[in-house]
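Me: I'm new to this one. Can you put it up and walk me through it?
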Amino acid sequence: MDPKSQYSLFSGCIHLASGLCVGMTGMAAGWCIGIVGDMGVRGFAKEPRLFVGMVLILIFAEVLGLYGLIVSLILNTKATNALCQ
């Protein structure tokens, strides 16, 4: 960053919110994947038919992180538009 450029408080708050959005949803997705993966492996050892259901639930848990990334990109676009004006 150039120290002489104008970096508004609005842009700083948007960038902070963007980073928190990615971080928190990534942490939530990782936590869900850990819990589902642990229980899924234990259940798969007892009943092999659970494999497809386990994979589907893991995919749904991973989507949480992707939603956070999408929201973060939208927020970052708003901050970039504010910097250009």
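Predicted model: local features only at pLDDT ≥ 70, side-chain atom pairs only at ≥ 80, totals over all residues.
Me: Let's start with side chains. What do the side chains of Glu47 and Arg49 meet in?
Reply: The side chains of Glu47 and Arg49 meet in a salt bridge, at 3.1 Å from N to O. A salt bridge here is a side-chain nitrogen of Lys or Arg within 4 Å of a carboxyl oxygen of Asp or Glu. Residues are numbered from 1 along each chain as its sequence is written, and side-chain values use heavy atoms, with hydrogens and water left out.

Me: How many salt bridges does the count come to?
Reply: The count comes to 2 salt bridges. Asp38 and Arg42 also meet in one, at 3.0 Å from N to O.

Me: Where do Asp38 and Arg42 sit relative to each other in the helix?
Reply: They are 4 residues apart in helix H1, so about one helical turn separates Asp38 and Arg42. Helices are DSSP runs (H or I, at least four residues), strands are too (E, at least two), and they are numbered from the N terminus. Asp38 is partly exposed, with a relative accessible area of 35%. Arg42 is exposed, at 51%.

Me: Tell me about H1. How many residues has it, and what is its reach?
Reply: H1 has 38 residues. Its reach is 55 Å from first C-alpha to last, close to the expected 56 Å at 1.5 Å a residue. The expected span is 1.5 Å times one less than the number of residues.

Me: Which residues are buried in H1?
Reply: Ser11, Ile14, Ser18, Cys21, Ala29, Gly37, Gly40 and Gly43. Take Gly37: its relative accessible area is 19%, so it counts as buried.

Me: And Met24, buried or exposed?
Reply: Exposed, at 52% relative accessibility. Met24 is in helix H1.

Me: New topic. How many disulfides does the structure hold?
Reply: The structure holds 0 disulfides. For Cys21, the nearest cysteine sulfur is that of Cys13, 15 Å away. The cut-off for a disulfide is a pair of cysteine sulfur atoms within 2.5 Å.

Me: Remind me what a disulfide is?
Reply: A disulfide is a covalent bond between the sulfur atoms of two cysteines.

Me: On to rings. How many aromatic pairs are there?
Reply: The structure holds 1 aromatic pair. The rings are those of Phe44 and Phe51, with centres 5.6 Å apart and planes at 55 degrees, so the pair is tilted. Rings of Phe, Tyr and Trp (its six-membered ring) pair if their centres lie within 6.5 Å; planes under 30 degrees apart are stacked, over 60 edge-to-face, and the rest tilted.

Me: Which residues make the nonpolar surface patch?
Reply: Phe44, Phe51, Val52, Val55, Leu56, Ile59 and Phe60 make a patch of about 660 Å². Patches use residues with over 30% relative accessible area and no salt bridge, joining like charges within 9 Å and nonpolar side chains (Val, Leu, Ile, Met, Phe, Trp, Tyr) within 5 Å. Accessible areas come from the Shrake-Rupley method with a 1.4 Å probe, and for residues only the protein chains shown count as cover.

Me: Which helix gives the largest share of that patch?
Reply: Helix H2, residues 51-84, with 6 residues. Val55 is in helix H2, and is partly exposed at 31% relative accessibility.

Me: How far apart are Val55 and Val36?
Reply: They are 9.3 Å apart in space, C-alpha to C-alpha, and 19 residues apart in sequence. Ile57, also placed in helix H2, has its C-alpha 7.4 Å from that of Val36, 21 residues away along the chain.

Conventions
Buried < 20%, exposed > 50% of the residue type's maximum accessible area, 1.4 Å probe, protein only.
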